[in-house]
Amino acid sequence: MARTTRQIHVGRVAIGGGAPVSIQSMTNTDTADAEATLAQIRELAAAGCEIIRSTVPARIVLDSFERICAESPIPVIADIHFDHTLAIAALERGAACVRVNPGNLRGEEAAREVARKAAELGRSVRIGVNGGSLNKEIAERMGHGPDALVASAEHYVRLFEEEGCRELKVSLKASNVRVTIDACRKFAANSDIPLHVGITEAGPVSCGVVKSAVGIGSLLLDGIGETMRVSLTAPPVEEVRTALKILAAVGLRPAEPELVSCPTCGRTRVGLMELVSKVEREIERIKSQGRRIRLKKIAVMGCIVNGPGEASDADVGIAGSNHGGVLFRHGEKVATLSEEELLPALVKEIEAASEPIRQD
Ligand code: SF4
């Protein structure tokens with residue numbers, strides 16, 4: 001069961017207080033290049049990203065950042081390190097929220113200034129506590145484990161709230177999955193502040209997806225985590241796709257659609273692996289056009305052993321045969337096709353079952 005948290009807002013997106021878990025990602029374009037950054041934000045929004053974060057590393061990007069905030073289809077968070085005056089400037093230029101790691105700002109008065117500005121403008125702040133840059137005094141006393149992460153977060157929450165800033169969310173991140181999970185569980189047990197969950201520096205797709213699925217998935221199954229980012233060394237759109245898959249796997253979003261395929265074996269007589277990869281890419285292509293696919297299950301099966309059963313149980317499906325296969329629609333056999341015809345026929349079915357997502 002989800003824990004009860006206060007509700008805050010990042011722009012128009014509600015976080016906590018019963019709102020759906022929102023998906024975040026981060027642009028990797030140069031923030032000084034508004035065109036490229038906005039193009040990437042639009043791509044990410046179409047893939048399902050609901051909140052975007054962009055770095056504000058220096059004053060020189062502020063004009064561009066202001067334009068990005070004004071034109072972005074989703075709320076923009078400014079990512080700030082070291083220089084608190086950049087956080088204040090980003091808020092003044094339209095950031096819906098700033099993400100600061102108070103441990104790397106220049107002293108606590110700097111953090112208090114950010115808190116006062118956010119409170120004055122009614123914007124939110126993410127206090128991002130990272131195992132690599134904890135509050136110095138706490139790190140010396142407690143090390144870098146979960147207890148130190150929690151103590152550091154609680155210390156900065158008190159500081160921000162003392163300045164009247166209550167639109168807060170917190171992240172406690174370490175690249176170690178166990179440390180991250182333990183820290184988030186401990187913090188959540190004693191706080192009503194929404195948590196931004198993720199595994200920092202999770203790595204390339206091959207291991208980053210696994211670490212994120214285990215780390216974020218475990219927390220979500222505990223009812224912990226009100227917004228999330230999957231961090232991957234990969235194009236940001238992969239982060240969004242992975243986030244959607246994690247949310248679907250823990251039952252917090254409908255899987256749209258589930259792609260069922262067999263592992264292949266000595267009976268397989270069609271190029272099934274290639275076919276499945278192409279179907280997966282076509283599904284992503286259709287979704288990236290801002291379309292929703294109204295199918296629950298698509299089956300791509302290699303042969304007649306389990307093929308017709310799975311394929312006919314799906315909304316649409318293919319069961320391979322010697323040099324082609326059979327197309328099923330809601331359990332009805334609708335065509336016998338050559339191998340070359342399988343992909344186009346299945347894509348046609350998927351496209352016919354897709355519709356534009358309404359942007360209310
Ligand atoms: Fe092998 Fe057929 Fe099962 Fe696929 S469906 S694994 S080809 S027996």
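**View 1. E256, a partly exposed residue in a loop.** With a relative accessibility of 29%, E256 counts as partly exposed. This is a predicted model, as are all the views that follow. Look for E256 in the loop that runs between α9 (236-249) and β11 (258-261). Setting aside neighbours within four places in sequence, you will find E256 in contact with K287, R292 and I293. I286 makes a handy landmark here: 30 residues separate I286 from E256 along the chain, and their C-alpha atoms are 11 Å apart.

**View 2. E349, a buried residue in helix α12.** Here we turn to E349, which sits in helix α12 (residues 339-352). Its relative accessible area is 16%, and because buried means under 20%, E349 counts as buried. Who are its contacts? Not counting residues up to four places away in sequence, E349 touches V316, L327 and R329.

**View 3. Helices α6 and α7 cross obliquely.** This close-up pairs helix α6 (residues 146-162) with helix α7 (residues 177-189), whose axes come within 8 Å and cross at roughly 45 degrees. The two helices are therefore oblique to each other, and their crossing is right-handed. On the α6 side, the contact is made by P146, D147, L149, V150, A153, E154 and V157, which meet V179, D182, A183, K186 and F187 of α7. Sorted by type, the residues of this contact comprise 8 nonpolar and 4 charged, with no polar ones.

View 4. Next come helix α1 (residues 34-47) and helix α2 (residues 62-71), which pack at an angle of about 30 degrees with their axes 9 Å apart. As α1 passes α2, the crossing is right-handed. From α1, the residues A34, E35, T37, L38, I41 and R42 meet S64, R67, I68 and E71 of α2. The contact of α1 with α2 holds 4 nonpolar, 2 polar and 4 charged residues.

**View 5. The nonpolar cores.** What is the size of the largest nonpolar core, and which residues have the most contacts inside it? It has 78 residues, and F160, L172 and M228 are those with the most contacts inside it. Helix α6 gives the most to this core, with 9 residues. To get your bearings, centre on M228: leaving out residues up to four places away in sequence, M228 touches V21, S22, I23, Q24, V197, I216, L220, A243, I246 and L247. A second, separate core of 31 residues includes C262, I298, V316 and L342.

**View 6. Two loop residues with positive phi.** Most residues other than glycine have a negative phi, and this view shows two exceptions. T264, which is not a glycine, has a positive phi of about 70 degrees. T264 is placed in the loop between β11 and α10 (272-288) and, at 25% relative accessibility, counts as partly exposed. The other is H330, again not a glycine, with a positive phi near 45 degrees. You can pick out H330 in the loop between β15 (324-329) and β16 (332-338). Is H330 buried or exposed? At 56% relative accessibility, H330 counts as exposed.

Methods
Residues are numbered from 1 along each chain as its sequence is written. This is a predicted model: local features need pLDDT of at least 70, side-chain atom pairs count only at pLDDT 80 or more; totals for chains, interfaces and linings use all residues. Side-chain values use heavy atoms; hydrogens and water are left out. Axes are lines fitted to C-alpha atoms, for helices over the stretch in contact, and angles run from 0 to 180 degrees between N-to-C directions. Helices (H or I, at least four residues) and strands (E, at least two) are DSSP runs, numbered from the N terminus. Angles under 35 degrees count as roughly parallel, over 145 as roughly antiparallel, 65 to 115 as roughly perpendicular and the rest as oblique. A crossing is left-handed if the near helix is turned anticlockwise from the far one by less than a right angle, and right-handed if clockwise. Contact means heavy atoms within 4.5 Å. Ala, Val, Leu, Ile, Met, Phe, Trp, Tyr, Cys and Pro count as nonpolar, Asp, Glu, Lys and Arg as charged, and the others, Gly among them, as polar. A nonpolar core is a set of buried Ala, Val, Leu, Ile, Met, Phe, Trp, Tyr and Cys residues joined through side-chain atoms within 4.5 Å. Buried means under 20% relative accessible area, exposed over 50%, partly exposed in between (1.4 Å probe, protein chains only).
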